[in-house]
Amino acid sequence: MAAMAGMLAGGAMTFRYAIRAGQASGERSLQAQLLSAEQGLKMRLEAEARRRMQEKLEESYGKLMGWFFELDMVVDSVWIGIHSTDQEIIEETRMTLHKWPWVTLKPPQYVASTQQYWSVAVRDLIEKFYGDTVDFVKFAQIVIRSVDDAKDGDDVKDQAMEKVWEGRGKLRESIAKIREQAGVELMHPERDLWQSIR
């Protein structure tokens, strides 16, 4: 009986040990599953945040490119207008040049509402575009004034026309750089600091 009691006590101890070992193993397994679930959730949330940011970037830069397409057309309309002999077109060009800094260069509401997503590099390129418009507008205004004022002569008009042509080229180059930079950023949205392509 003592042997039986010893076996029973040994079995009970083994059973307790097995239960404790099973509990520890179960706790470790549960911890591992919990950690794995947390990491999976974190990865899904990060992927979702990246996807949403990519959508915002695409929307923002799409609107920006639409506006710059419109600006490119305005630049071309000024170029056409300073060559025109049609008084209505000349007057329209004069008004466009007069309103340039307050109306033409003011981002429309649909663009302004997304500009917080633009990178520093894109903002810098936009500022350069704004700066490049100064000479373009100044010399286009000289050409338009020469239509009304015959005393300036053809030399002044021709020199101004040449400067407008150069300014138009700079503006188109600036627009191309903005498009290129936006394209780089859309292709590599995971980059924290976008590099300028100037």
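How many aromatic pairs does the count come to in this structure? The legends below begin with the answer.

**View 1. Aromatic pairs in the predicted model.** The count comes to five aromatic pairs, where rings of Phe, Tyr and Trp (its six-membered ring) pair if their centres lie within 6.5 Å, and where planes under 30 degrees apart count as stacked, over 60 as edge-to-face and the rest as tilted. This is a predicted model, in which local features need pLDDT of at least 70, side-chain atom pairs count only at pLDDT 80 or more, and totals for chains, interfaces and linings use all residues. Residues are numbered from 1 along each chain as its sequence is written, and side-chain values use heavy atoms, with hydrogens and water left out.

**View 2. The pair of Trp 79 and Trp 165.** The ring centres of Trp 79 and Trp 165 lie 5.0 Å apart and their planes stand at 50°, so this pair is tilted. Trp 79 belongs to helix H1 and Trp 165 to helix H6, and the pair links distant parts of the chain, 86 residues apart; helices (H or I, at least four residues) are DSSP runs, numbered from the N terminus. Trp 79 counts as buried because its relative accessibility is 17%, whereas Trp 165, at 48%, counts as partly exposed. Buried means under 20% relative accessible area, exposed over 50%, and partly exposed in between (1.4 Å probe, protein chains only).

**View 3. The pair of Trp 100 and Phe 136.** Trp 100 and Phe 136 form a tilted aromatic pair, with 5.9 Å from centre to centre and 50° between the planes. Trp 100 lies in helix H3 (residues 100-104) and Phe 136 in helix H5, so the pair ties together parts that are 36 residues apart in sequence. Both Trp 100 and Phe 136 are buried.

**View 4. The largest nonpolar core.** A nonpolar core is a set of buried Ala, Val, Leu, Ile, Met, Phe, Trp, Tyr and Cys residues joined through side-chain atoms within 4.5 Å. The largest one here has 35 residues, and those with the most contacts inside it include Leu 64, Phe 68, Phe 129 and Ile 178. Helices H1, H2, H5 and H6 each give two or more residues to this core, and H5 gives the most, with eleven residues. Leaving aside neighbours within four places in sequence, Ile 178 is in contact (heavy atoms within 4.5 Å) with residues including Leu 64, Phe 68 and Phe 129.

**View 5. Asp 72 in helix H1.** Asp 72 has its place in helix H1 and counts as buried because its relative accessibility is 11%. Beyond its neighbours within four places in sequence, Asp 72 is in contact with Arg 172, Ile 175 and Arg 179.
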